[in-house]
Amino acid sequence: MDMDDAPTQSRNKLPDHLELQRTRVVCRADAPTHTEGFQYSGAFAAMGVDNSVSVEKFCNDFKIKINRLTDDDMEFDMIGIDASIANAFRRILIAEVPTMAIEKVLMVDNTSVIADEVLSHRLGLIPLDADPRLFDYISDDVPNERNTIVYKLHVSCEKGSQRLTVKSGQLEWLPEGSQLTIAATTQSGDKQKTYTFFGQSQQKTSESPLGVKYEDITIARLGPGQAIELEAHAVKGVGKVHAKWSPVATAWYRMLPEVVLLKEITDGDAEQLVKKCPVNVFDIEELGNGNLSSTFCFESLRRFN
């Protein structure tokens, strides 16, 4: 084809079919299409379109819209990014956002049916109500008030009584640090040495008690005559080291749906479409000439999904 016979194409803009392929995943009857992105920065260089990724371009195009935010979950839209970047955010939420979790358990007494290592693992998975921004990562294994939270658990089931369920709410926060002594003092005036080195109370640095997030998590069940006494030390960490530091139970994303009507649907056809839709994403809109037209409600589809 001679260049003069080619259709006129404006500089720095893709044809509609390529723009659709670049920005949309089309759901067809047999399978979705356009599921792979264009990662090569020079893919459209011949058309004068820069497909490269820069920090400035990312900051200008990327937007976040928060749809729901509670103490337990968050839903938000990420606009202006590729699915691969959305997946990167998902992996960051799972593996690289720091939290506080129990790492070391000093077992004093455990006569329950749960082994010490299993009990320690269960304690590590209990969510803690502590802001990790207030703490440092522990280094050189020196626990102090800036990198360690200490909890105490001492429960027993009296002989002749019913079985006792030990809950996470029975973990007691020790703002002054460890209460377990390492060795007996040599002189009567010496201060007993413990497993932590707190220079001050954590009550001075935290506005609220550093307890557990949920107090009804079952830790163990004790029979008559059984007891558990331990001290648990929580430190700062990330999910890629251990899942107990992951701040989310699950993190997932999906493509924003877009319904395109190939032609305008009006009057009786519009009413029939609204009635047939099982998720009620269509609505009736009155036109100026007295006719009715069908419109698409994205919020209804979001709530359904």
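Four strands line up as an open sheet in the order β5-β10-β6-β8, with antiparallel pairing; strands pair here if DSSP finds at least two bridges between them. β5 and β8 sit at the edges with a single partner strand each, so one side of each has no neighbour in the sheet. Strands (E, at least two residues) and helices (H or I, at least four) are DSSP runs numbered from the N terminus.

This is a predicted model, where local features need pLDDT of at least 70 and side-chain atom pairs pLDDT 80 or more, while totals for chains, interfaces and linings use all residues. Residues are numbered from 1 along each chain as its sequence is written, and side-chain values use heavy atoms, leaving out hydrogens and water.

Now for two residues, with buried meaning under 20% relative accessible area, exposed over 50% and partly exposed in between (1.4 Å probe, protein chains only). Contact means heavy atoms within 4.5 Å.

| Residue | Relative accessible area | State |
|---|---|---|
| Thr196 | 7% | buried |
| Lys104 | 36% | partly exposed |

Lys104 belongs to β5 and touches Asp141, Glu231, Ala232 and His233, not counting residues up to four places away in sequence. Thr196 is in the loop between β8 and β9, and its side chain reaches the backbone nitrogen of Ser178 at 2.8 Å.

Note on methods: A polar contact is a pair of N or O atoms within 3.5 Å; within protein, one must be able to donate a hydrogen and the other to accept it, and residues adjacent in sequence count only if both atoms are side-chain atoms.
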